Structures are given as C-alpha cells and as structure tokens.
Amino acid sequence: MTKAQFLKSPQGERTKYLFMRHPLTILFGHIFVFLYGMCIYPFLNHPRKHYDCLIALVVHVVIGVMLTFSFGWQALLLTQLIPHFIACAVGSYMFYAQHNFPDVSFNDAAGWTYEKAALESSSFMRTNRIMAWFTGNIGYHHIHHLNARIPFYRLPEVLKKIPELQTAKTTSLNPMEIIRCLRLKVWDVESQRMVIVRHI
C-alpha cells in the first residue's frame, strides 16, 4: 500500500495488511504463507481453478499422519515440521525482503515500464554459494522478474554476461539489513521510499 492508501483504509484492512507483513507472520511462513496463503485461501476462493492447492494440502497432511503413525511424533517433528518451519521462514523472508527493502522504488502508471519495475522494484540478494544452492538462486530476483523463463541454474551466468544487471539494488542476510527490511511497511509517494508505519 501507499501511505495515502494506508491512511484512508478502514482499521480492519490496516490490521490485515500489517499482519501479513509482521515478522512473526513471516517467521511462521509454513502456516501463514504456505498452508493458508498458497493452499487454503486460493482453494476456498476458486475451488475449480485451484483444486491443486487442495491436493498439496491433503498430501502434506497425509505425509504427516503417516510419519506420526509409522515412526512417532519425533519423526514428524524432525523430518517434516522443523525442516518446513525453517525452509518456509527463510523463503517467506527472502520473498518479503526482495520487494520491501530500503532502496526499492515504485512508479505509477505514467512512469512504469516492465524492465524498470524488474530492476528497481525487486532486489539482488547477495548470498554465499551454499545459500544460493539451497534457495535455487532466488537471490537473483531482479533477473527472475526480468525474464522468468531463465532456468534458476543459469541466473548467475546471466548476471555475469549482462553488465546492466550487475548494478541492481541489493539486499543481504546481514542481521541489521534484515531488521531494516522488516520495519518497512508502506510506500511514501512524496519521499519516494518505503517507510515505517509509526512515521506516517
């Protein structure tokens, strides 16, 4: 939301908006982003279109039940709940931070272009090689937005070969940068930057 949209919205809309961007919501991405946001919510809104969401949810639950009955709750905890909790928390944060970072910029319809939006409204998240491997190179988010058909394993190669992509706005997993990104909530059109809610 822009600052103006946020201020004009009813309290319920503001609460929902801030809840979806709260650090605890991101931390519990397994529940709020994957289970609810990617499975339950789409299926309830358009069951015929998103029947695959129901399939994903059922498979997820069935695997959990089978693990519990076959090997006990410890197996469920160690092989499904903890790995999903960590993966979804990291994934939720990375997605959030690559669209809500200090140097992000957005344009209205008059100044918007596809290329500009890809390169200025999404970031290049610098990570080490191990993290890049675990996340399927999603740190190269600006390139992904520029052309989603580029396979994830070719993204580093594309960055090296196209100089214009090397000047992208960046983020990282530095703890201070994580805190800065998590504090940003709304776009202030006047100052052309993301701002903290208590500052509006």
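In this predicted model, Ser123 is in contact with Ala97, Gln98, Phe101, Gly139, His141, His142, Lys169, Thr170 and Thr171, leaving aside its neighbours within four places in sequence. Ser123 sits in the loop between helix H7 (114-120) and strand E1 (124-126). The relative accessibility of Ser123 is 0%, so the residue counts as buried. The side chain of Ser123 forms a polar contact with the side chain of Thr171, at 3.1 Å.

Gln98, one of the contacts of Ser123, was examined next. Gln98 belongs to the loop between H6 and H7. Gln98 is likewise buried, because its relative accessibility is 0%, and the cut-off for buried is under 20%. The side chain of Gln98 comes to 3.2 Å from the backbone oxygen of Gly139. Gly139 is also among the contacts of Ser123. With neighbours within four places in sequence set aside, Gln98 is in contact with Ser121, Ser122, Ser123, Met125, Ile138, Gly139 and His141.

The largest pocket has a volume of about 520 Å³. Its lining comprises 19 residues. Nearest the centre of this pocket are Val33, Gly91, Ser92, Phe95 and Tyr96. At least two lining residues come from each of helix H3 (23-27), helix H4 (29-45) and helix H6 (73-97). H6 contributes the most, with five residues. Sorted by class, the lining holds nine nonpolar residues, nine polar residues and one charged residue.

How values were computed:
Residues are numbered from 1 along each chain as its sequence is written. This is a predicted model: local features need pLDDT of at least 70, side-chain atom pairs count only at pLDDT 80 or more; totals for chains, interfaces and linings use all residues. Side-chain values use heavy atoms; hydrogens and water are left out. On a 1 Å grid over the protein atoms alone, a cavity is a set of points where a 1.4 Å probe fits but cannot get out, and a pocket is an open set with protein on both sides within 12 Å along at least five of seven lines; lining residues have an atom within 4 Å of a point. Grid points are joined across faces, edges and corners, and a volume is the space filled by probe spheres set on the points. Helices (H or I, at least four residues) and strands (E, at least two) are DSSP runs, numbered from the N terminus. Ala, Val, Leu, Ile, Met, Phe, Trp, Tyr, Cys and Pro count as nonpolar, Asp, Glu, Lys and Arg as charged, and the others, Gly among them, as polar. Buried means under 20% relative accessible area, exposed over 50%, partly exposed in between (1.4 Å probe, protein chains only). A polar contact is a pair of N or O atoms within 3.5 Å; within protein, one must be able to donate a hydrogen and the other to accept it, and residues adjacent in sequence count only if both atoms are side-chain atoms. Contact means heavy atoms within 4.5 Å.
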